[in-house]
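Please look over the model below with these notes beside it.

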Amino acid sequence: MKTKLIAIGLPLVLVAGAALPATAAEGYERVLNGTFDSVKTPWWSSGNTPSRVESGRLCADIPAGTVNPWQSMIGQNDVPLEAGQPYTLRFTATATKNVTVRATVQLAVPPSTTTMNKAAALTSTPKTFEFTGTSTVASRNGQVAIQAGGATEAYTLCLDDVSLTGGIIPPGGGWDYGSPVRTNQHAYPASGTKRASIADSSTTPLPWQLRDAAGQVVASGETQVKGDDAMTRDHVHIADFTSYRTAGTGYTVAVGDQVSYPFDIAAKPYDSLRRDALAYFYHNRSGLPIEAKYVGDAYARPAGHVGVAPNKGDISVPCQPGVCDYSLDVSGGWYDAGDHGKYVVNGALAAWQLMDLYERSLYRLDIEGLRDGLLAIPEQDNRVPDVLDEARWEVEFLLKMQVPADKPLAGMAHHKIHDLAWTPHPTIPHNDAQPRYLHAPSTAATLNLAAAGAQCARIWKLWDRAFAQRCLTAAETAWQAALANPSRFAPREDSVGGGPYDDTNVTDEFSWAAAELYATTGNRDFLSKVTTTLTPAGFSWKDTGALADLTIVRLPFRFPIDRVLAARSRVLQVADGHVRDLKSQGYPNPSKPSDGLYAWGSTSATTNAAVIMAMAYDLSLKREYSDAVLESMDYLLGRNGLNQSFVSGYGERASKNQHHRHWAHQVDPRLPNPPAGALAGGPNSGLQDPVAQQNLRGCAPAKCYIDELGSWSTNEVAINWNSSLAWIAAFADTR
Ligand code: 9MR
């Protein structure tokens, strides 16, 4: 409730939300928002215990009738604890009846190790408590809680000025990134570029060795001193062992007594990743059972959201109150990410990218990419390329989101469908009991449907003419509807129970949709509406203008030659910028944000930049571009400031706790970790979630990442990120 006053001699120093120790003996503050000045986050309460912030306190309605203390709680998770360190818990509390509760500090995950568990007798007069205890474990999963279960009568408990102090590691610090020698932890291509990055303060070159699995030195040399790396604040060296080309497993790079994680050298290192990155989509399909014969027992689950209780969707989903008076069958599609929302803007982009991957395979004669049976999915034997089967699963859903012809705003697309409130972790899709609603149609969703629909119409002509026709009709209807409703924007605030995907500038969406519609129909009206181009800012779900150029480059024979030449030269020019950015950095990220900050989903900025460089390679066949794509893979797979592979299952230290509702092993040991091939969002300077805020304060932009389930702003997965990973993984072996 109050701002903390701390006396450090004279004069008085005023510290808001003090992160620094009040005195050396007291230790650092470990809880966030202990004063409840306005918001509740990141505090939570049990499902049976409604809570809210009231006059600067957190008040909770404790129900009668539970048995154990932990059956009704208020708490905060993701509190870092250090082994052997003493902690002091302080809080002020009241209760509307005299009652004794338990004040606890323990692990929120098994084995729930306790640091303190103390009785606190509450009355209606505010009382301040102080307890101490020593942690026996080092963990970033500590939990501070008041356990109030076991009450015989209901009452209200209010809490204020909660503080947990202790520990010697400064907030955001204490990270051990392991060896300073960072490599692609998965594999390097025998015939491609092979480099390691080494974090070392030396200003003169250092000797390096490449060792085989038996420890024999098979190549050696001296590092290049790359110098200070702004995005990581590391001082970096580079070791280049490109000339070594013998395939094998268990290689390491050593610099002095520091040794990298082991890696392979292989002719085609990305063969499994191209399939795993695509398998992500079947795993996250809504509306059909995910079968063990395709994914294995650990990942099999009943169909999600097919109208079977406790699910309330998605067979007949009503609009949010006041938005429309009908319900739609919007079953199917992919869940967007760690949540069970389905969003047309993002879904259309991800489906588009898979369809673009198909068209690349077609024009580059990548037979593997066109194979039926490439993936373990139900359609693996239907004589249609699996990548198209997977994309169609989403396109069918997108078509269902279009407003029917006899309704107001006919032809527009509903922006999204998702739960009324955020569901907890874990929630397996078929167990989601939340009501789900259609949200208002938006111009952006409508245009993205038009773009993906037009692309679908062109592609499926070859495979299923009736479906192609449905796509074309939907796309043309959507276009007309968007012209008639050019400024219906999804609000940013609509972010409870699902993400907003808000966007108030749709010039880029108009242009991208027009490019796709022109490519498919040849109708010149569309060509004049193609007004945007590829720029160094690239593309994302929000900024789709660059995709117009990518469509032109993909289909040169369908566009006027001057447009094609201009688009090609922009792809080469922007790719040159990415190559420059990659080469200028200690760790090979082709995306170097101009504002010096890493954004939410930064790994997709990397993969999307790699897509541009790959397209430049396809246009020019210049090795420089394909080498840079391979080095981008190195960055994603461990050659970075964190020594972290952001792709599950690929690398010794690979992300395994991505924010996801059923790959939630971290909070329920009966559930699996993500399957191989799921890309974590990666470093994000924004630190929007409490886990990141607790653990990453002060991080260098490229180090703002934590492999914890609770860190939705740095460690989520998403369809638009995996579609991009699948695209470059397919490219990497087929240059
Ligand atoms: O990828 C999206 C990112 O660009 C936004 O900054 C962020 C906040 O609006 O949302 C991200 O998308 C999330 C979506 O809103 C809900 N599903 C999970 C998505 C990935 O985190």
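1. Cys471 is buried (under 20% relative accessible area, with exposed over 50% and partly exposed in between; 1.4 Å probe, protein chains only), because its relative accessible area is 0%. Cys456 also counts as buried, at 0% relative accessibility. A disulfide (a pair of cysteine sulfur atoms within 2.5 Å) joins Cys456 to Cys471, S to S 2.0 Å. The torsion about this S-S bond is about 65°, so the link of Cys456 and Cys471 is right-handed. The pair connects distant parts of the chain, 15 residues apart: Cys456 sits in helix H5 and Cys471 in helix H6 (residues 465–484). Helices (H or I, at least four residues) and strands (E, at least two) are DSSP runs, numbered from the N terminus.

2. The basis is a predicted model: local features need pLDDT of at least 70, side-chain atom pairs count only at pLDDT 80 or more, and totals for chains, interfaces and linings use all residues. Residues are numbered from 1 along each chain as its sequence is written, and side-chain values use heavy atoms, with hydrogens and water left out.

3. How many disulfides does a search of the whole structure find? The search gives four. Counting bonded cysteines along the chain, the pattern is 1-2, 3-4, 5-6, 7-8.

4. Cys319 and Cys324 are joined, S to S 1.9 Å. Their link is right-handed, with 90° about the S-S bond. Cys319 counts as buried, at 6% relative accessibility.

5. Cys699 and Cys704 form a disulfide, S to S 2.1 Å. The torsion about its S-S bond is about 105°, so this link too is right-handed. Cys699 is buried at 17%, and Cys704 at 1%.

6. Strand S19 (residues 234–240) is mostly covered, with six of its seven residues buried. Strand S15 (residues 195–199) runs antiparallel to S19, joined by five bridges; pairing requires at least two DSSP bridges. Ala239 in S19 is the bridge partner of Ala196.

7. Strand S18 (residues 224–229) also pairs with S19 in the antiparallel sense, over five bridges. Gly227 has Val236 as its bridge partner. S18 and S19 form a hairpin with four residues between them. Arg233 in the turn has a positive phi of about 60°.
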